[in-house]
Structures are given as structure tokens and as C-alpha cells.
Amino acid sequence: MIAELSLADWLARLEGLHPKDIDMGLERVGQVAGRLGVLKPAPRVFTVTGTNGKGSTCATLGNLLQCAGLRTGVYSSPHLLHYNERVVINGQQASDAELCEAFCAVEAARDDISLTYFEFGTLAALWLFQRAGLDAVVLEVGLGGRLDAVNVVDADVAVVTSIGLDHQEFLGNSRESVAFEKAGIMRAGRPVVCGETDLPDTFIAEVQRLDARLLQRDQDYHWSALEQGAWCMQGLDAKGLQRRVELPAVSLPRDNLAGALQAFWAAGLDLPDPQLAQALRKAHVPGRLDRRRVLWHGQWRELCLDVGHNPQASGFLASELSRQPRPRVAVFGLLADKDMQGVVEPLLGEFSQWLTAPLPSPRSCSAIVLAQVLAGHGAEASACNSVAEAIIALLEQTPIDCEIVIFGSFFCVAEAILWLSEQTQEPIDG
């Protein structure tokens with residue numbers, strides 16, 4: 001009986017429902033969304049796309065909306081450890097029982113329509129949001145934008161964090177083609193907040209065609225650094241009036257926090273400055289510049305976890321690490337379909353040693369191949385049998401002042417978090 005399936009049973013079932021893992025298009029998911037009545041899951045909808053920065057932008061927007069007293073849902077992907085991470089209502093992850101109930105509802109509505117794993121999960125999230133009677137939802141695009149399942153819902157405010165190359169087999173091999181796909185989340189006459197400062201012509205053309213209200217970083221809003229990590233954000237409210245706020249040091253990329261805040265203002269929302277500062281200060285995303293300490297042989301050692309798995313993300317990680325020079329070594333794992341050369345090149349000068357590891361995925365790149373590529377660039381690199389083995393080896397081999405950076409695929413960071421969960425550890429604030 002379907003009603004008796006556990007969450008693990010459901011997830012296993014979803015993986016085999018459709019002949020393709022990814023099958024872009026809105027026709028199937030749109031039909032089922034219509035049957036479920038979830039095409040308007042809340043009065044305010046924020047849709048977020050971008051090559052990098054989606055997770056931190058969504059988490060920040062969720063914090064801002066909740067601090068404004070709005071009942072809020074956030075849908076994101078992929079998850080690190082548990083599927084429940086993908087559906088958050090008022091700061092709480094959906095329970096197994098709630099997800100199973102939603103999956104049952106989608107199953108009943110789809111009839112003979114075949115859905116991918118992501119499409120099924122997106123509809124389940126929208127169903128839970130609709131049922132919860134929310135004031136606002138934040139929806140993270142899974143892939144691209146125009147043909148992604150999330151785009152079945154009309155965005156009141158669209159957010160494009162960045163435009164770079166990734167998933168070229170679906171989005172094309174140029175920034176122009178990627179930009180066109182991401183522009184697909186915009187709606188006529190409505191705001192679009194762009195953290196990307198170099199917008200391709202294809203994107204500009206879609207803004208003009210839709211007469212969307214473009215709010216671009218460094219043109220319509222910007223942030224500037226103040227002393228001791230503090231910063232200042234200047235932007236525009238829904239009426240086009242200037243808004244300025246001084247903010248404390250934060251742990252997430254300020255480009256993404258600024259985009260989230262500008263989207264919040266563009267929706268006609270605001271908070272007193274102290275509450276804005278609190279909402280942004282509290283924003284945290286596991287696995288994004290995620291600094292932690294682990295107790296090893298009676299001494300605290302520092303680690304940094306980051307899911308940078310494309311050239312743009314690794315370039316950002318390199319710039320952040322270079323701001324605080326110190327001895328560093330790396331644990332690195334990547335999926336085989338990623339741009340390996342583009343990911344490692346920005347970081348070659350940051351680590352004195354690299355240990356590579358295989359990932360628990362059939363798409364994993366061989367640790368030996370990764371080490372060979374790094375050695376070809378002159379890096380000191382060797383392969384390990386697992387992420388945990390690599391972390392332990394570096395903890396044993398390196399001095400106490402050496403930071404261990406664990407980065408690459410979500411799978412790599414997830415393996416590190418699983419290992420850390422068994423150790424005495426604590427986060428490093430800010």
C-alpha cells in the first residue's frame with residue numbers, strides 16, 4: 001500500500017518513476033500542479049536561480065521574511081544529509097510524515113503522467129506550502145530556470161544570483177545561452193534582482209521584452225565594506241526610493257546577502273535596521289564557507305567546508321581564502337561531469353597539499369584521476385580511499401595552525417559532515 005511507504009521507500013520509488021533523471025520542460029509538471037491547485041502556493045513568491053549563490057540567497061530571504069512576521073516556506077536543493085532539508089516551513093524542516101503525505105497527494109493527482117524525481121519533489125513542496133497557509137515562499141531553481149519544474153509557479157520577484165558555465169549539456173556552452181535560460185524565471189512587469197554585474201545581451205533582451213523592473217548589483221544596489229568586517233548596503237525600495245543600512249560582519253557572501261535584501265525591499269517589505277542586521281547575521285547554509293572546529297588529540301583544529309564545484313564557485317572560494325592568508329591543505333572530491341580543470345585552477349596556489357577522494361555516487365570522478373590532474377599542474381597531490389580517510393590523514397600530518405579545506409561536490413561535503421557528526425566539534429561563528 002502506497003499510504004504505508006516510509007520516506008526512504010518513497011524516495012527510492014521516485015528514482016525509478018521516469019526514464020530520465022533530468023527531463024526539462026513544464027508541460028507534465030504543469031498539468032499535475034493544476035490538478036493539485038498549487039500554482040499559487042502563497043501570496044508572495046520569490047524564485048531564485050543562478051550558477052552559484054542560490055542556497056545562501058534563499059536562506060537569507062527566508063530569514064528576512066520570517067523576521068517580518070510572515071509565515072514562510074523555503075524550497076531548496078540538493079540536500080546534504082536528509083531530504084527533509086529541501087522543504088522548510090517557518091524555519092522547521094518538513095517531517096517524514098508530512099513529506100509522505102505530500103507524495104501521496106502528488107501520486108494521486110498525476111495519474112498516468114510520468115514525473116522525474118525533482119518534479120515530484122517540487123510538487124510535494126508546493127502542496128505542503130499551499131496547505132500551510134503561508135504568506136510567502138522562496139523557491140530555488142534546480143537547473144537553469146526557463147524549463148525547470150519550479151518555474152511552473154509565477155514569481156512576484158525573480159532573483160538571479162550569478163551567470164556562469166555549469167550543466168552545459170542542458171544549458172549550453174556559452175554565458176549567452178545560460179543567461180537566456182535563467183531569464184526564463186522573470187515575469188512581465190515584475191522586479192528581477194540580478195547579482196550578476198556582467199549581464200549578457202540575451203538576458204537584457206528578455207528584460208526589455210518583458211518590461212521587467214531590473215535591479216542590478218553595482219547599478220541599482222550595491223554594498224561597500226566598513227571597518228572590522230561591517231558593511232553598508234544601499235538599494236531601492238518598491239517605489240524606487242533609496243534605502244541604506246549599515247550591517248555587522250557576516251559569514252555568508254555579501255553579494256548574495258545584498259541580493260536577498262534587495263529582493264525583500266523590491267517586494268514592498270522592510271524592517272527596522274536592527275532587525276535587518278539580525279536576520280542577515282543569523283543566515284547560515286551548511287557547506288557554504290562553513291567553518292568548523294574539531295577536537296583532535298586534545299587540540300582544536302579548524303576546517304572549512306565548501307560546495308564549490310564549478311569554476312565560478314572555486315574562484316570565489318579562492319578569493320575568500322586569499323583574504324586571510326594562512327597555511328592550508330585540501331580534501332577534494334568532484335563528480336566526473338564537472339569542469340575539473342576550471343575548478344582546480346583558481347585554487348592551485350592556496351594549498352600546500354591536496355588529498356583527493358572518491359564520492360558515494362556512480363558519477364564520481366576517480367580520486368586517482370583527480371590527483372593526476374593536480375600533479376600535472378605542479379601540485380602535491382595523492383589519492384585516498386574516502387573523504388574521512390583524507391581528513392584524518394591531514395589532521396595527523398599537518399601542524400595545528402593549518403586549516404583543512406574540504407570542498408568540491410555536495411557529496412564530498414556531506415561525507416565530511418557525516419564524519420564530523422561523530423567527532424567533538426563546534427562551528428566557528430562568522
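Which residues line the largest cavity?

## The cavity

They are T57, V159, V160, T161, V193, C194, G195, Y221, D255, N256 and G259; lining residues have an atom within 4 Å of a cavity point, and a cavity is a set of points on a 1 Å grid over the protein atoms alone where a 1.4 Å probe fits but cannot get out. This is a predicted model, where local features need pLDDT of at least 70 and side-chain atom pairs count only at pLDDT 80 or more, while totals for chains, interfaces and linings use all residues. Residues are numbered from 1 along each chain as its sequence is written, and side-chain values use heavy atoms, leaving out hydrogens and water.

The largest cavity holds about 60 Å³ of space. Helix α9 (254-266) gives the most to its lining, with three residues, and β6 and β7 each supply at least two. Helices (H or I, at least four residues) and strands (E, at least two) are DSSP runs, numbered from the N terminus.

## Around strand β7

Look at β7 (residues 191-194) next: P191 and V193 on one side, V192 and C194 on the other, are all buried, meaning under 20% relative accessible area with a 1.4 Å probe, protein chains only.

β7 has parallel partners in β6 (residues 157-160), over three bridges, and in β8 (residues 213-216), over four; strands pair if DSSP finds at least two bridges between them.

Key:
Buried < 20%, exposed > 50% of the residue type's maximum accessible area, 1.4 Å probe, protein only. 1 Å grid on protein atoms, 1.4 Å probe; cavity = no way out; pocket = protein on both sides within 12 Å on 5 of 7 lines; lining within 4 Å. Points joined across faces, edges and corners; volume = space filled by probe spheres on them.
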